[in-house]
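Student: Please take me slowly through this model, starting with a close look at how one chain is divided and where its parts touch, and then going on to what lies around it. I would like one connected explanation that I can follow with the structure beside me.

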Amino acid sequence: MTFYEKELNRINNVIYSNKEQIETVIGVKSYIDNNYHNDLNLDVLSRFCFVSKYHLLRLFKKYYGLTPRQYLIDKRIEKSKQLLTKGTSITETCFAVGFESLGSFSTLFKSKTGMSPALFKKEQLSRSKLD
Amino acid sequence: MKVTLISIPVRDQEKALKFYTEKLGFIKKKDKPLEGGNRWLTLVSPEWQDGPELLLEPAPNHFEPCKVFQDALMEAGFPYTQFDVDNVDADYERLTKLNVEFSVKPTIMGIVKFAVFNDTCGNNIQIVENL
């Protein structure tokens, strides 16, 4: 066994010893992955995993390094980029990934990617024409 | 400031180019000659071609401390860097069939599954799937 593997085993025993907590957060992440387009919030996730919402918030952040809300937004932005690249309209994309208003979608998209959905779509289309 | 480039030290740029494109599936983005037969050689992920570039840097051939550091990491089994994948098991199967040697087979640790392989250019590389 290499030094790296020994170190991983040591760290694993320290930070990943609570299997029940790990199963909970993996289940919640998987639920977000499969339901990001629905109206998700901490109450829904909390009912899904039978853990109080503030405990869930702490657990998710502890293991994934970000809150369920932050993860959900990142997931929606990632999916929206895929849809826009395929040529889906901005309005359709916005609602397909679970945002409720074009305004909040555009603002979040721009803050996460550095460009508006319209500009992103335009760049992707011109790139595909050049290819 | 933007993160646009990460570098990997390699002993032989041409050999590295073959391994990283033909086996791992990266795409060559920039290839320009520098002095002494060295090249500015960068790769991108096929599914994220406007994402960060991977620089195959011949530093170990020109700067002894880099070679010493690279050798020490290799001997201890430490990955030089890691790449995200959708399915570690599938990539393990695919790369094993291409005769890529793994020092760590797919292993679950907390919220991730990972494996480590030899890039034949002086580095261990880790692939990671978020569970």
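Tutor: Chain A is divided into two domains, with domain 1 covering residues 3-71 and domain 2 covering residues 73-130. Please keep in mind from the start that this is a predicted model. Taken over C-alpha atoms, the centres of domain 1 and domain 2 of chain A are 27 Å apart. Where the domains touch, domain 1 of chain A contributes eight residues to the contact and domain 2 of chain A contributes eight residues as well. On the side of domain 1 of chain A that touches domain 2 of chain A, helix 2 (19-35) and helix 5 (68-85) of chain A each supply at least two residues, and the largest share of that side, three residues, comes from helix 5 of chain A.

Let us step back to chain A as a whole. Chain A has eight helices and zero strands, and when you read along its sequence the pattern is α-α-α-α-α-α-α-α. A compact globule of 131 residues would have a radius of gyration near 14 Å, whereas chain A has 19 Å, and the C-alpha atoms of chain A fill a box of roughly 50 × 40 × 20 Å along the principal axes. Of the 131 residues in chain A, 19% are buried. If you consider the contacts in chain A between residues at least 6 apart in sequence, 52% of them join residues at least 24 apart.

Chain A also meets a partner, for 13 residues of chain A are in contact with nine residues of chain B. On the side of chain A that touches chain B, helix 1 (3-15), helix 2 and helix 4 (53-64) of chain A each supply at least two residues, and helix 1 of chain A gives the largest share, six residues. The residues on this side of chain A divide into 10 nonpolar, two polar and one charged.

We can now turn to chain B, which has three helices and eight strands, arranged from the N terminus on as β-α-β-β-β-α-β-α-β-β-β. Buried residues make up 24% of the 131 residues in chain B.

One open sheet of chain B is formed by four strands in the order 1-4-3-2, with mixed pairing. Strand 1 (5-9) and strand 2 of chain B stand at the edges with a single partner strand each, so one side of each has no neighbour in the sheet. From one strand to the next, the twist averages 25°. Within this sheet, strand 2 (residues 27-33) and strand 3 (residues 39-44) of chain B pair in the antiparallel sense over six bridges; there, B:I27 has B:V44 of strand 3 as its bridge partner, and B:K28 stands opposite B:L43 of strand 3. The hairpin made by strand 2 and strand 3 of chain B has five residues between the strands, and in it B:G36 takes a positive phi near 65°. Helix 1 (residues 13-23) of chain B lies across strand 2, strand 3 and strand 4 (53-57) of chain B and runs at about 10° to strand 3 of chain B.

Another open sheet of chain B, also of mixed pairing, has four strands in the order 5-8-7-6. Its edge strands are strand 5 (79-84) and strand 6 (102-109) of chain B, each of which pairs on one side only, and neighbouring strands of this sheet are turned by 20° against each other on average, direction ignored. Strand 6 and strand 7 (residues 112-118) of chain B pair in the antiparallel sense over five bridges, and the bridge partner of B:I108 is B:K113 in strand 7 of chain B. Helix 3 (residues 88-97) of chain B lies across strand 6, strand 7 and strand 8 (124-130) of chain B, running at about 165° to strand 6 of chain B.

Note on methods: Residues numbered from 1 in each chain as written. Chains lettered and ligands numbered in written order. Predicted model: local features only at pLDDT ≥ 70, side-chain atom pairs only at ≥ 80, totals over all residues. Domains from an automatic or database assignment. Contact = placed C-beta atoms within 7 Å. Nonpolar A, V, L, I, M, F, W, Y, C, P; charged D, E, K, R; others polar. Rg over C-alpha atoms; globule rule 2.2 N^0.38 Å. Buried ≥ 20, exposed ≤ 12 C-beta atoms within 10 Å, placed from the backbone. Pairing = 2+ DSSP bridges. Axes fitted to C-alpha atoms, helices over the stretch in contact; angles between N-to-C directions.
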